[in-house]
Amino acid sequence: MGEVSATEPLLIKEEGFGSFKKTPLLVSSTKLVLKVAMWVIFIAWATLIFLYPLEFVNNLSGAWIRVTRETLFGVTGSIFLLFSAPILVIAFLGIIYLTISGEEELHEKNAPKNARFRLWTFPVIADGPFGVVSAAELIGIVLFSVYIVWAVVVYTIRNLGLLHLFQVTSKEKSLLLLELTGLRFGFIGLMCLAFLFLPISRGSVLLRLIDIPFEHATRYHVWLGHLTMLLFTLHGLFYVIAWAIEGRLLHELLAWKNIGIANLPGVISLVAGLFMWVTSLPPVRRINFELFFYTHQLYVVFVVFLALHVGDFIFTMAAAGIFLFMLDRFLRFFQSRRTVEVLSATCLPCGTMELVLSKPGNLQYNALSWIFLQVREFSWLQWHPFSVSSSPLDGKYQIAVLIKVLGDWTEKLRGSILNVSKENPQTELLLRPHSKMKVSVEGPYGHESAYHLTYENLILVAGGIGISPFIAILSDILHRIKVGKPCLPRNILIVWAVKKSIELPLLHTLDMESICPQFSNTINLEIQTYVTRESQPSLEEGNVHAPVNSSVFPASKRGSMSILVGTGNIIWSGIYVIVSTIGLVILVGLLNMFYINPFEISSWSYKGLLFVICMVASVSLFGGLVISFWHLWERKTSAFDESENGENVDIAQQNKLVMPKDSCLPSFASSIQYGKRPDFKEIFGTVSDRWGNVDVGVIVCGPTALQSSIAKECRTQNFNRRSNHPIFHFNSHSFDL
């Protein structure tokens, strides 16, 4: 492969990488129409929520309800159309948009000639209670804050105006004001609840649509969770104070009205929410993560008793996000029921394990994906997230993860691998079909697009085991260069900080020369390694440490991951969402037609419970039917794939994965410095002088302190940049709860 000009994008000039294909006019026009429609619906929905505290908008919604309440769905349907239907309609349009988009986005995008700022990758706040916050995230935080302040002020003014309508004493007015204020805080909290479940729907079409991976969206759930529970706590607190002053606290807490708000279910829901909130606070979560995890399962109690508390028509204001989460959770349940065979398990001297798992050939993922693992022998409830360390091009039927021993669960996993390899030598394992190691898997989850391929210039900063996703990135880039797939990266700098030199062999899990022998003619790769807790190299430096123990397990046709994942086939996942939603409408309609209306059911709590039951039934019955067909389609396509390609795992390929690589001179710039930490100011300054006016993608994977340091340096460099210097785009690849 010939040398590449410093100004020529690889995708345009290199024949081996193919040329761009223009999108048909009909497709691009349809996408534009869909995008505009989704934005219009979202802005209209957000505007309704923002302006709803105004009496004028409140009256308009009241008029809408009076006009539509005589339909089969009654008031519940009217409010559902206003507050929940827009989110579901956006999801439907998003399914169509993603279906017609396919993978063309990556093929069409080309690096801009000049560097430009992007709101999502420009870090504005580098540390603090929110962590690293981009400009786009700061805008979202400001908008939510403005809404809260605006709503509280407007409702307070309205509450004071209402007091003049009551001919009561000053004390009674004060108590009434307390209750009205509590009511308003409850409604504002309900509006925040409408957003709360959206970020934690791991395979949600909405997250895929805006290309925000689950691990990033989780922190939005954390922010919204704190805000929502603060508002609900104030909601309950104001009522408790008023009732305590009046001397009827116990009576009101235990009250359960048929018509109107039922207090006791609200108390139960709030208590469940408070348990989740307190145990999710950082000090508690760090000390006892399992306590946080188990108490968070109280979300079921929280949601059900919230519906009993407010009734069906008020509950529908936040129903869309909860319904999408139920869809995702039900699909994850089915995927995780299948046990997945471990093709190979390796223990490295540094205390890191490599697991290679079996997957079907039609399950797609990208190099910056995550999977959740469960070992049922250890626990039926514990799931642990791990970054994928393999490229989709490493093998069609396998996916790999690197796992560092950091706690009880990982220590048990390491012990299990050591026991298997000790009791059953590798040659015996291959001859014994029953000698297998199995795990349960959810995922993969991650970005809808492989954004690391959209930068010509990359800086990858890792701390310790944080090198894992960057091994996947390097493998992905090298494979793409080899086979001529679209791939923009040309300059790659890896900065890796480790505590001890025993961790250095982690990079040898990737044999770059065997993947693409002439890659140095196409990309400029430099690796700077810092060993922070050793002042000088050990005597064994330069030797590749062999694995302590490694085992290759026999593969079977039925032991691969399930493709039943929301981030998988967009057509099937789209059908699943649409059919389940239609099922909800049908079940609610039938319930109203044959039960609620004929028998004049009026209890708010009972109708709220029936609505939740309809949501569960629509997901399990209608969604379950789609999952059944989806599963049959998986079996059929897998069988066809096996008939075309033979056995899905080759034993020689497995042996290649677990054997240590031979030491050789690297064909790229590499340096190891001992007893010091990386000077990011110097590193980024050097890059600025060398690379010029370009966009530089900075991806960091490591502890929070490392993310903060890199974000600060990106922000400083961008604020102080000259016209001939690059713009650094900050991206974090870390799963931090």
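**Reading a predicted model, feature by feature**

Tutor: Met-593 belongs to helix α22, which covers residues 570-596. Helices (H or I, at least four residues) and strands (E, at least two) are DSSP runs, numbered from the N terminus. This is a predicted model, in which local features need pLDDT of at least 70 and side-chain atom pairs count only at pLDDT 80 or more, while totals for chains, interfaces and linings use all residues. Residues are numbered from 1 along each chain as its sequence is written, and side-chain values use heavy atoms, with hydrogens and water left out.

Student: Is Met-593 buried, partly exposed or exposed?

Tutor: Buried means under 20% relative accessible area, exposed over 50%, and partly exposed in between (1.4 Å probe, protein chains only). Met-593 has 42% relative accessibility, so it is partly exposed.

Student: Which residues form a nonpolar patch on the surface?

Tutor: A patch takes residues with over 30% relative accessible area and no salt bridge; like charges are joined within 9 Å, and nonpolar side chains (Val, Leu, Ile, Met, Phe, Trp, Tyr) within 5 Å. The areas come from the Shrake-Rupley method with a 1.4 Å probe, and for residues only the protein chains shown count as cover. Here the nonpolar patch consists of Met-593 with Leu-72, Ile-582, Ile-586, Leu-590 and Phe-594, and together they have about 540 Å² of accessible area.

Student: Why is strand β14 largely enclosed?

Tutor: Seven of the seven residues of β14 (residues 695-701) are buried, so the rest of the structure largely encloses this strand. Asp-695, Gly-697, Ile-699 and Cys-701 point one way, Val-696, Val-698 and Val-700 the other way, and all are buried.

Student: Which strands are joined to β14 by six bridges?

Tutor: Two strands pair if DSSP finds at least two bridges between them. Strand β9 (residues 457-463) runs parallel to β14 and is joined to it by six bridges, with Asn-457 opposite Val-696. Strand β15 (residues 727-732) also runs parallel to β14, again with six bridges, and Gly-697 stands opposite His-729 of β15.

Student: How many residues of β15 are buried?

Tutor: Six of the six are buried, so β15 is largely enclosed by the rest of the structure. Ile-727, His-729 and Asn-731 lie on one side, with Phe-728, Phe-730 and Ser-732 on the other, and both faces are covered.

Student: Is the β-α-β unit of β14, α26 and β15 right-handed or left-handed?

Tutor: A crossover is right-handed if, with the strands pointing away from the viewer, the path from the first strand over the helix to the second runs clockwise. The unit made by β14, helix α26 (residues 704-719) and β15 is right-handed.

Student: How many salt bridges are there?

Tutor: Side chains of opposite charge can pair when their charged atoms come close. The rule asks for a side-chain nitrogen of Lys or Arg within 4 Å of a carboxyl oxygen of Asp or Glu. The count is 13 salt bridges. One of them joins Lys-712 and Asp-127, at 3.1 Å from N to O. Lys-712 lies in α26 and Asp-127 in the loop between β1 (123-125) and β2 (133-134), so this pair ties together parts 585 residues apart in sequence. Lys-712 is partly exposed at 34%, and Asp-127 is partly exposed at 42%.

Student: Which residues are linked in a network of salt bridges?

Tutor: The network links Glu-179, Glu-246, Arg-248 and Glu-252. Between Glu-252 and Arg-248, the closest N and O atoms are 2.1 Å apart. Glu-252 is buried, with a relative accessible area of 12%, whereas Arg-248 is partly exposed at 27%.

Student: How many disulfides are there?

Tutor: A disulfide is a covalent bond between the sulfur atoms of two cysteines. The rule used is a pair of cysteine sulfur atoms within 2.5 Å. The count is zero. Among the cysteines, Cys-614 is buried at 8% relative accessible area, and Cys-714 is buried at 0%.

Student: Which peptide bond is cis?

Tutor: The bond from Gly-443 to Pro-444 is cis, with omega near 5°. Pro-444 is in strand β8 (residues 438-445).

Student: Where is Glu-600, a residue with positive phi?

Tutor: Glu-600 is in the loop between α22 and α23. Its phi is about 50°, although it is not a glycine. At 67% relative accessibility, Glu-600 is exposed.
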